[in-house]
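I set out to look up a few residues in this chain and to record their surroundings. My entries are given below.

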Amino acid sequence: RSHTCIGRAQSDAGDDADDSPALVSISSRRLFAVMVLVVMPRLIVAYALTVSGVYYLVFSASMGDLMLNAMALAFIKDVDELLFQAFAPRKLKTLQSSIKPLPSPPDFIEKNAPAGI
């Protein structure tokens with residue numbers, strides 16, 4: 001049974017020069033929960049915001065209204081990141097900014113890489 005594990009990143013040369021945290025593995029249950037509870041709602045909100053935002057901008061009466069509506073749409077799109085920056089603990093922000101992403105499986109890269117690369 002696999003658990004989510006945060007370890008230390010190892011450089012390719014094998015030395016410990018890069019000592020930043022890295023997500024080593026994630027359990028299938030946690031991955032499923034993240035996909036269902038985080039990724040899917042974010043995609044749905046992004047899609048709804050895109051469709052309604054384009055509709056909102058297309059029917060702006062003047063250039064001034066268009067600019068104002070575009071700025072309002074940009075604010076709505078970025079409000080979650082602004083709230084994170086304002087209210088998240090410093091330790092969490094430091095961990096989030098320094099953690100390395102999970103590496104892509106080599107099979108996936110080989111199968112999906114364009115020819116000639």
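The entries that follow concern a predicted model, taken residue by residue.

**Entry 1: Asn 69**

I began with Asn 69, which I located in helix 2, spanning residues 63-87. Is Asn 69 buried or exposed? Its relative accessibility is 13%, and the limit for a buried residue is under 20%, so Asn 69 counts as buried.

I then looked up what surrounds Asn 69. With neighbours within four places in sequence set aside, I found Asn 69 in contact with Tyr 56, Leu 57 and Ser 60. For Ser 60 I also noted a polar contact, in which the side chains of Asn 69 and Ser 60 come to 2.9 Å.

**Entry 2: Met 35**

Next I turned to Met 35, which I placed in helix 1, residues 28-58. The relative accessible area of Met 35 is 40%, so I list this residue as partly exposed.

Which residues form a nonpolar patch on the surface with Met 35? I recorded Leu 31, Phe 32, Val 34, Val 36, Leu 37 and Val 38 as the other members. Together with Met 35, they have about 640 Å² of accessible area.

**Entry 3: Leu 95**

Last, I looked up Leu 95 and found it in helix 3, which covers residues 90-98. I list Leu 95 as partly exposed because its relative accessible area is 34%.

I also checked Leu 95 against Pro 21. These two residues are 74 residues apart along the chain, and I noted a separation of 7.7 Å between their C-alpha atoms.

How values were computed:
Residues are numbered from 1 along each chain as its sequence is written. This is a predicted model: local features need pLDDT of at least 70, side-chain atom pairs count only at pLDDT 80 or more; totals for chains, interfaces and linings use all residues. Side-chain values use heavy atoms; hydrogens and water are left out. Helices (H or I, at least four residues) and strands (E, at least two) are DSSP runs, numbered from the N terminus. Buried means under 20% relative accessible area, exposed over 50%, partly exposed in between (1.4 Å probe, protein chains only). A polar contact is a pair of N or O atoms within 3.5 Å; within protein, one must be able to donate a hydrogen and the other to accept it, and residues adjacent in sequence count only if both atoms are side-chain atoms. Contact means heavy atoms within 4.5 Å. Patches are made of residues with over 30% relative accessible area and no salt bridge: like charges are joined within 9 Å, nonpolar side chains (Val, Leu, Ile, Met, Phe, Trp, Tyr) within 5 Å. Accessible areas come from the Shrake-Rupley method with a 1.4 Å probe; for residues, only the protein chains shown count as cover. A salt bridge is a side-chain nitrogen of Lys or Arg within 4 Å of a carboxyl oxygen of Asp or Glu.
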